[in-house]
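Open the model in a viewer and keep the selection panel at hand.

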Amino acid sequence: MNHEIESEICEISVDPVKVANGEVDDDGRSRRTGTVWTASAHIITAIVGSGVLSLAWGLAQLGWIIGIATLVIFSGISLYTSGLLAECYRAPNSVKRNYTYRDAVKNYLGGRKYKALGLVQYTLLCGAMVGYTITASISMVAISKSNCYHKEGHKAPCKYSYNPYMMALGIVEILLSQIPNFHKLSWLSTIAASMSFSYAGIGMGLSFAKIVSGHGEKTTLTGVEIGLDLTAADKTWRIFQAIGNMAFACSYAAILIEIQDTLKSSPPEQEVMKKANTIATFTATTLYLMCGCLGYAALGNHAQGNILTGFGFYEPFWLIDLANFFIVVHLLGAYQVLAQPVFGVVESWAGNRWPKSKFINDEHHLGIGKNNSKFSVNFFRLIWRTAFVAMATLISMAFPFFNEVLAFLGAIAYWPMTVYFPLEMYIVRKEIKRGTICWFGLHLVNLVCLLAALAAGCGSIQGVNQALHTSKLFKFTQ
C-alpha cells in the first residue's frame, strides 16, 4: 500500500517531504482535517430539514404500522447504500481520490453514466436550494402570523407576502456563500445541526403536552379513512407522496463523496465515513420516529404538512416563534451544505479552463477586526456565487409552488443517486459476478427502490398539477 501511495504521489508531482510532514495530503491538496463528528454534522444538517415536521402528515396518510415500517426500511436502505458509496471514494485499483460523486461514477462506470449522474445531482441540489428558500420564508411568515394570532385571535385574517422574507434570506445567503468550501463550513454545519434538534424538540414537546392533557386527535392503524372528504384516488396519491417524502428524507447520497473528501487520511476515509453514516442515520431516524409519532398522536389524521407552520399549535406563541427561528437558522446552513458541490464544480471547471487567469484563480487575503482575522476573497467566486444565489432567490419568488416541483425532482433523483449508482459501483469494485446470490440480492434492492421512486413520482406529479391550478407567479401570500 505504501508503494502505491508513493507511485500516486510521483504521478501528480507532489513533494513527498511535504506529505511526510503533514503539510499536504497524498494528492497535493491542503491537509484535510475533517473527523467523524464534522462529517456527521454535515449529513445531519443536510437531511434533517424542516421536513422532519411533516412526518406526522406522512404517518396520517400511511397509518401507524405501514408508516413506521416505511420510515425504518428506507433509513436502512439509505445506510446500506451509503456504506457502499463510501467505499468508492478511492478510484478502482488505485489510491487516487474521487473528489465528487461524478468523479466516482466516471472512474468506476465510465461511458455516459457520469454525465447523467451530474445532470441529476446538480439539478436536484439547485432545486433543493430554491426549495429551502421557500421553506425558510414560510417559517419567517409563521412567526409574524403567530404574533398576529396571539394579539388578534385565532380567527383573525393574518396574511403576509413571502417575497420580502425571501429577499432578506437571499441577502444573507449571498454573504454565507462566500465561505470557500466544505472544509471551512464545519462551524456552520454544527450550528445548523443543533438547530434541527432544537426545533424538532419543541415540536415533540408541544405534541407530548397535547397528548398527556387528553386532547390528542383520532389516529388509525391505516391512516386517513376514505369518506366524504377523501376519495380512494386522493388517498392513493397521498400514500405515494408520503412514501416519497420518507424516502427522500433519508437520502444524502448527492453530497456524500464531497463530505468524505473533507476527512483526514488516517484512519482510512471509508471507515470514518461509514461511522459517520451510522451516527447520522441512527440520529436522524430516531428523531424522525419521535417527531412523527408524537405529532401524529397529538394531531391525528388532520395533521398538517408542517406542525409548526400549519398551526397545529397556537400557544405558547413565543415558543412557536422560537422554533420557527431555529428552522430558519438551520435552513441557512443546509442551503450552504447543498450549494458547495454546485459552487465547486463550476469553479473547478473555470480554473481548469483558464488556469492563468488572475480573476478566476487568485485569492486576496483581508484582515478583519481587531484580531486581524484572515478572510480570503476571490473575485470570480464573489461574482458568480452572488449571481447564482440571486437567481435562486428570484426563482423562489416566481414559483411559490416550487416545493411540489422539488418533491418531483427528489422522486426522480432518489433511485439513481441513492441506490442504482452505489450498487453498480460496488459490483464493479468487488467484481461481483452476474448470477450470484449477492448479485441477485443487490438487484432486488434496486428493483424495490425503483418501484418506490416511480410511485413517489406519480404522487408528486399530482401535487404539481394541483399547485398549477391554485398558484400564481410572484404571488405567494398566506
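The structure holds nine salt bridges, each defined as a side-chain nitrogen of Lys or Arg within 4 Å of a carboxyl oxygen of Asp or Glu. This is a predicted model, in which local features need pLDDT of at least 70 and side-chain atom pairs count only at pLDDT 80 or more, while totals for chains, interfaces and linings use all residues. Residues are numbered from 1 along each chain as its sequence is written, and side-chain values use heavy atoms, with hydrogens and water left out.

**Stop 1: Lys274 and Glu87**

Select Lys274 and Glu87, whose side chains form a salt bridge with an N to O distance of 2.5 Å. Lys274 lies in helix 12 (residues 269-299) and Glu87 in the loop between helix 5 and helix 6, so this pair ties together parts that are 187 residues apart in sequence. Helices (H or I, at least four residues) and strands (E, at least two) are DSSP runs, numbered from the N terminus.

Are the two partners buried or exposed? Lys274 is partly exposed, at 31% relative accessible area, whereas Glu87 is buried, at 16%. Here buried means under 20% relative accessible area, exposed over 50%, and partly exposed in between (1.4 Å probe, protein chains only).

**Stop 2: Glu347 and Arg385**

Next select Glu347 and Arg385, which meet in a salt bridge of 2.7 Å, N to O. The pair links distant parts of the chain, with Glu347 in helix 13 (residues 317-353) and Arg385 in helix 15, 38 residues apart. Glu347 counts as buried at 18% relative accessibility, and Arg385 counts as buried at 0%.

**Stop 3: Lys218 and Glu225**

Select Lys218 and Glu225, where the side chains meet in a salt bridge at 3.7 Å, N to O. Lys218 is exposed, with 56% relative accessible area, and Glu225 is partly exposed, at 45%.

**Stop 4: the nonpolar patch**

Switch to a surface view and select Phe359, Phe379, Leu382 and Ile383, which make a nonpolar surface patch of about 360 Å². Patches are made of residues with over 30% relative accessible area and no salt bridge; like charges are joined within 9 Å, and nonpolar side chains (Val, Leu, Ile, Met, Phe, Trp, Tyr) within 5 Å. Accessible areas come from the Shrake-Rupley method with a 1.4 Å probe; for residues, only the protein chains shown count as cover.

Which element supplies the largest share of this patch? Helix 15 (residues 379-398) does, with three residues. Phe379 is in helix 15 and is partly exposed, with a relative accessible area of 40%.

**Stop 5: the positive patch**

Select Lys96, Lys106, Arg112 and Lys115, which gather in a surface patch of positive charge. Lys and Arg count as positive and Asp and Glu as negative, with His and the chain ends not counted; the place of a charge is taken as NZ of Lys, CZ of Arg, CG of Asp or CD of Glu. Lys96 sits in the loop between helix 5 (64-86) and helix 6 (101-108) and is partly exposed, at 47% relative accessible area.

**Stop 6: the whole chain**

Clear the selection and color by secondary structure: the chain has 17 helices and two strands. Of its 478 residues, 51% are buried. The chain exposes about 22,300 Å², with carbon and sulfur atoms supplying 64% of that area. Among contacts (heavy atoms within 4.5 Å) between residues at least 6 apart in sequence, 79% join residues at least 24 apart.
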